[in-house]
Amino acid sequence: MKIGILDSEIAKDSIIRRDEDRIQQKEMMLSHGEKCAEIIIKYGIDIQIISKKILDANGIGSITDLPNGLEKCYLCGARIVNISFGTTHFRDKEFIRKIVNHYANQGMIIIAASSNDGYTSYPASFSNVIGVSAGDILDTNIDMCIQKGIDFFAPPGHEIEMESVSFFGDKGNSFAAPYVTAMVGNLIEKKGFMTIDKIRRELSKKMNMFLYAPDWIETAWVSPEYQGREAMFYFGVDTRDLQTCINDVDTIVLCNKEEFNSYFSFGKHIVYLGRDNLNICEYEYHFWSSNVQKNRIMLSKEKTGVIDVPIAYFFYEKDVDIISFLDSLKKQFADEGYNAYVGCDSIDSVLYDLEYLPQEDVNKNKIEDYIYWQTNNQQSDIILIGEKKISEYQDMVLMSRI
């Protein structure tokens, strides 16, 4: 089993031979990448490590090295890759997501450690990545999954044997991720390659645990009903007939139950923008619908404080292209260095990397809880929300709500 490691340098024979007389010194001299490799080999079955140095000795690197690292792993045949680093800066999100989605849609399983500072980190939080934080045992937590995209807790401290001498490795999220990487490798060694969604279910044994926003798309076919806005989708779009382009897209975006019944069996990720209550429990690919988002909101834990960043509401008439407006505003804030959290009650907002905030069949207090944790974890500077105008007094009522 070939497993890739993107990390600090791993010496050619560092995982094979060590100087027995200087074992304690060697422990201190092991690079971050070597420690991750030792953990994977300790728990994995018949592992061959493919390494790519993208961090220096101080654990510092550039996200621009990520594409070359994943490319090397892919060309060398490593379809499982361990990444024990990440970033929490919002400016890095789009670049990393694009690279991760490309390789994930080529069948690569990426396992990434979450940030030790507790904020939402990239790539660990993406739905195309298995995100890991440190914990006592291999376990899952619905709140961590919803708010930070973290799939598993895993043990961070590991006894490593070198030349008949044992020592315990460092603790931290960085060393929890390789443990999960080894578990994924063992699962695939036993049952063969499978989708990342099936891997999550196999490791957790919890069917409805993992609820994500649809951030996984590289190229999609989008139902004509949801095309035509001035804003650009965050992903590529194939405009040909679906039957013609089905092999060239990773996701299909559907607008009603008729389309769903016709295309469900195509074996693609699905974003369903209809209002029907579809019960999809064991689908092997990513699936998102309004009900998934409502569940994410309703399962959010209660906020522990007040939202302490500016909030701006934009109440719009039916024919206004609110998404294009909000998308433009978000980019303007980003250009000025501000991280804007942008939500909208139009369901297709998810296609533009905006948050869908449904206003029907959802407890308003839970929406507040959800926004509170999302903006805290993402270190947002301002909140922008678009909602359909109902009355002249709506702004006063909603402002007091938050």
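This is a working chat about a predicted model.

Colleague: Which strands make up the open sheet, and in what order?

Modeller: The open sheet has 4 strands, in the order β14-β17-β15-β16, and their pairing is parallel.

Colleague: Which ones are at the edges?

Modeller: β14 (311–316) and β16 (355–356) are the edge strands, each pairing on one side only.

Colleague: How many bridges are there between β15 and β16?

Modeller: Strand β15 (residues 340–344) pairs with β16 over 2 bridges, in the parallel sense. Cysteine 344 has tyrosine 356 in β16 as its bridge partner.

Colleague: What does α12 touch on that sheet?

Modeller: Helix α12 packs on the sheet and touches β15, β16 and β17 (382–388). The direction of α12 makes about 150° with that of β15.

Colleague: And how do α10 and α12 cross?

Modeller: The axes of α10 (residues 290–298) and α12 (residues 364–377) come within 8 Å and cross at roughly 80°. The two helices are therefore roughly perpendicular to each other.

Colleague: Which residues make the contact?

Modeller: On the α10 side they are Gln293, Arg296, Ile297 and Met298. α12 contributes Lys366, Ile367, Tyr370 and Gln374. By type, the residues of this contact divide into 4 nonpolar, 2 polar and 2 charged.

Colleague: Changing topic. Where does proline 155 lie?

Modeller: Proline 155 is in the loop between β6 (152–154) and β7 (159–162).

Colleague: Buried or exposed?

Modeller: Proline 155 has a relative accessible area of 16%, so it counts as buried, the cut-off being under 20%.

Colleague: What is it in contact with?

Modeller: Leaving aside neighbours within four places in sequence, proline 155 is in contact with Gly135, Asp136, Ile137, Leu138, Phe175, Ala176 and Tyr179. Proline 178 is 23 residues apart from proline 155 in sequence, and their C-alpha atoms are 9.7 Å apart in space.

Colleague: Now the cores. Which residues have the most contacts inside the largest nonpolar core?

Modeller: That core has 46 residues, and those with the most contacts inside it are Ile252, Val271, Leu273, Trp288 and Leu351. Helix α11 (residues 322–335) gives the largest share of this core, 4 residues.

Colleague: What does valine 271 touch?

Modeller: Not counting residues up to four places away in sequence, valine 271 touches Pro214, Trp216, Ile217, Thr251, Ile252, Val253, Leu254, Trp288, Val350 and Leu351.

How values were computed
Residues are numbered from 1 along each chain as its sequence is written. This is a predicted model: local features need pLDDT of at least 70, side-chain atom pairs count only at pLDDT 80 or more; totals for chains, interfaces and linings use all residues. Side-chain values use heavy atoms; hydrogens and water are left out. Axes are lines fitted to C-alpha atoms, for helices over the stretch in contact, and angles run from 0 to 180 degrees between N-to-C directions. Angles under 35 degrees count as roughly parallel, over 145 as roughly antiparallel, 65 to 115 as roughly perpendicular and the rest as oblique. Contact means heavy atoms within 4.5 Å. Ala, Val, Leu, Ile, Met, Phe, Trp, Tyr, Cys and Pro count as nonpolar, Asp, Glu, Lys and Arg as charged, and the others, Gly among them, as polar. Buried means under 20% relative accessible area, exposed over 50%, partly exposed in between (1.4 Å probe, protein chains only). Two strands pair if DSSP finds at least two bridges between them. A nonpolar core is a set of buried Ala, Val, Leu, Ile, Met, Phe, Trp, Tyr and Cys residues joined through side-chain atoms within 4.5 Å.
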